[in-house]
Amino acid sequence: MAKNKKSEDPKQDKGSGTKLISMRIPKETISKLRKVAEKKGDMGYQQVIKSYINLGLIDELDDDLKAVQTALAKQQPGQASTVAIPQKQEPKAEPLQSPVKSPAKPKTAGAPKRNSLGELATSKVITEDIKELAKSLDGYYHLFAGKTFLITGAFGFLGRYMVFLLKYLNENVLSRKAKALLLDNFVTGYEQRVISDENLAFYRADVVKPFSTDEPIDYLIHAAGIASPVYYTKYPIETMDVGTLGTRNMLELARIKNVKSFLFTSSSEVYGDPDPKHVPTKEDYYGNVSILGPRSCYDESKRFGETMCMTYWKVFNVPVKMVRPFNVYGPGIRPDDYRVLPNFIEHALRKEPLPIHGEGKNTRSFCYINDALEALFKVLFSKANGEAFNIGNPAPEISVKDLGAMVAEFMPYKVDVVNIDPPHTVYASADPKRRCPDISKLTKVTGFKPRYPLEEGLVRTIKWFREFNF
Ligand SMILES: NC(=O)c1ccc[n+]([C@@H]2O[C@H](COP(=O)([O-])OP(=O)(O)OC[C@H]3O[C@@H](n4cnc5c(N)ncnc54)[C@H](O)[C@@H]3O)[C@@H](O)[C@H]2O)c1
């Protein structure tokens with residue numbers, strides 16, 4: 001942090017003339033974070049600090065931050081806190097890598113122990129979630145049995161729950177095991193969270209390059225993407241590439257392999273900033289998306305990705321489905337990617353005021369991860385080829401301000417909120433005012449209804465953050 005700067009000094013973006021931020025991170029907070037990070041060998045705090053640097057909330061590395069960086073540099077691969085926000089790399093023409101094994105067990109004294117679901121599932125909350133998710137898909141087990149899945153973005157937030165689910169089904173339910181090819185390039189995934197075994201093969205692969213395999217593929221889930229505004233602002237080209245070229249490569253693979261079903265994780269962002277007349281939003285709404293705005297690299301790549309899926313269905317009969325998730329949250333979400341819920345929880349647990357952009361009037365509807373994945377698999381296994389589905393929980397449509405109050409209520413101590421200027425144009429001028437899905441099409445086709453009210457999902461998510469002392 002700049003030593004002589006007043007903590008309330010706004011930083012000016014000279015290019016656009018917009019005020020970027022009026023809240024700075026106090027030095028005491030950084031010290032606290034550093035101490036916990038060192039003690040626990042815990043990545044969460046270090047990631048949080050890095051995201052602050054990314055967002056321009058901290059200007060310079062002072063001694064405390066340098067200590068964090070040195071600690072990070074000393075860690076061995078495979079330790080719990082090795083993965084930092086990745087540096088941009090020039091694309092290289094690499095041959096396809098063979099499957100790699102899970103990294104060595106963390107040696108850090110305070111590192112969490114593993115159990116059969118892998119590193120993260122030492123979490124009681126996640127273990128319970130996976131059991132419940134498996135139960136919610138009872139009736140679909142025969143569609144998993146003996147099949148091969150290919151999952152891209154397999155070590156992101158949604159991807160890892162898919163992997164946990166397959167592993168759980170293999171260990172507890174299926175006599176004919178499901179196999180999976182798990183692809184990720186870790187542009188935003190946590191590398192130490194790789195799980196692999198004789199049925200689950202991990203490939204470090206960038207889907208922007210064609211991928212080939214001798215394995216048959218029954219189901220292809222293309223979940224790779226750069227979903228957080230903080231990251232797609234940092235990696236706009238990679239964001240467009242994964243949604244367009246990556247989708248094309250995966251569709252081509254699906255065509256060659258004659259898959260039973262192909263699922264593309266699009267986004268509710270295809271609707272842009274919807275006309276209030278179209279909220280709750282149905283799938284047939286065309287959207288209101290800026291072509292050139294700060295979010296367009298993400299929004300337009302998902303829109304084009306959907307168009308490409310539809311075209312592969314029409315031209316080659318590839319059985320595609322597209323899902324448009326609305327603000328999925330839950331255990332395992334990165335605490336540092338500045339999505340509103342993890343951001344609030346992480347501040348609340350540090351007993352710091354929750355930062356609310358402006359007056360916090362924008363609304364969102366949040367979908368617990370188990371609900372999102374139940375819906376996603378039900379769409380994958382459906383016969384709804386060439387169709388797009390909203391995935392979300394329409395109730396409640398809640399303002400960011402009320403969400404802050406709700407998170408604060410769950411804390412055993414008083415938590416304040418603070419209104420700040422949005423730290424980036426991606427939030428300042430382009431943040432959609434309302435987001436709420438109409439899921440009647442999803443319910444009609446798959447029978448899906450959300451099971452997790454926001455309160456319950458929040459309690460579970462906070463519990464997970466606490467388990468890992470974020
Ligand atoms: N979580 C949500 O609320 C939400 C909402 C709408 C859409 N989505 C979409 O759902 C998908 C999964 O979301 P998530 O929350 O798990 O995101 P995430 O960022 O946690 O995970 C995405 C994963 O994709 C990987 N990836 C990115 N580019 C890649 C590439 N070129 N090759 C290989 N791997 C690559 C990343 O490393 C990461 O592990 C994304 O496509 C996202 O755009 C998510």
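The model is predicted: local features need pLDDT of at least 70, side-chain atom pairs count only at pLDDT 80 or more, and totals for chains, interfaces and linings use all residues. Residues are numbered from 1 along each chain as its sequence is written.

**Overall fold**

The protein chain holds 16 helices and 15 strands. Helices (H or I, at least four residues) and strands (E, at least two) are DSSP runs, numbered from the N terminus. Of the 470 residues, 50% count as buried. Buried means 20 or more other C-beta atoms within 10 Å of the residue's own; exposed means 12 or fewer; partly exposed lies in between, with C-beta atoms placed from the backbone. Among contacts between residues at least 6 apart in sequence, 81% join residues at least 24 apart. A contact is a pair of C-beta atoms, placed from the backbone, within 7 Å.

**The sheet and its helices**

Seven strands form an open sheet with parallel pairing, in the order β5-β4-β3-β6-β7-β8-β13. Its edges are β5 (200-204) and β13 (387-391), each pairing on one side only. Neighbouring strands are turned by 15° against each other on average, direction ignored. Strands pair if DSSP finds at least two bridges between them. β3 (residues 148-152) and β6 (residues 219-222) pair in the parallel sense over four bridges. Within that pairing, L150 has L220 of β6 as its bridge partner.

Axes are lines fitted to C-alpha atoms, for helices over the stretch in contact, and angles run from 0 to 180 degrees between N-to-C directions.

| Helix | Strands it lies across | Angle to β8 |
|---|---|---|
| α10 (residues 296-316) | β7 (261-265), β8 (320-325), β13 | about 160° |
| α12 (residues 369-380) | β6, β7, β8, β13 | about 165° |

**The core**

The largest nonpolar core has 103 residues; I151, L165, L182, L220, L373 and L376 touch the most other members. α6 gives the most to this core, with nine residues. Such a core is a set of buried Ala, Val, Leu, Ile, Met, Phe, Trp, Tyr and Cys residues joined through C-beta atoms within 7 Å. Leaving out residues up to four places away in sequence, L220 touches L150, M250, L253, A254, V259 and F262.

**The ligand shell**

Around the ligand stand 30 residues, of which G153, G156, G189, G225 and V328 come nearest. The elements giving two or more residues to this shell are α6 (157-172) and β4 (179-184). α6 supplies the largest share, three residues. A residue counts as near if its C-beta atom, placed from the backbone, lies within 6 Å of the molecule or strand. By type, the shell divides into 15 nonpolar, 13 polar and two charged residues. Here Ala, Val, Leu, Ile, Met, Phe, Trp, Tyr, Cys and Pro count as nonpolar, Asp, Glu, Lys and Arg as charged, and the others, Gly among them, as polar.

**Two local sites**

Helix α11 (residues 340-349) is mostly covered, with eight of its ten residues buried. Among them are F344, I345, E346 and H347. After α11 comes K351, whose phi is positive, near 60°.

I398 sits in strand β14 (residues 398-399). I398 is partly exposed, because 17 other C-beta atoms lie within 10 Å. Not counting residues up to four places away in sequence, I398 touches T363, R364 and L403. F366 is 32 residues from I398 in sequence, yet the two are 8.6 Å apart in space, C-alpha to C-alpha.

Conventions
Contact = placed C-beta atoms within 7 Å.
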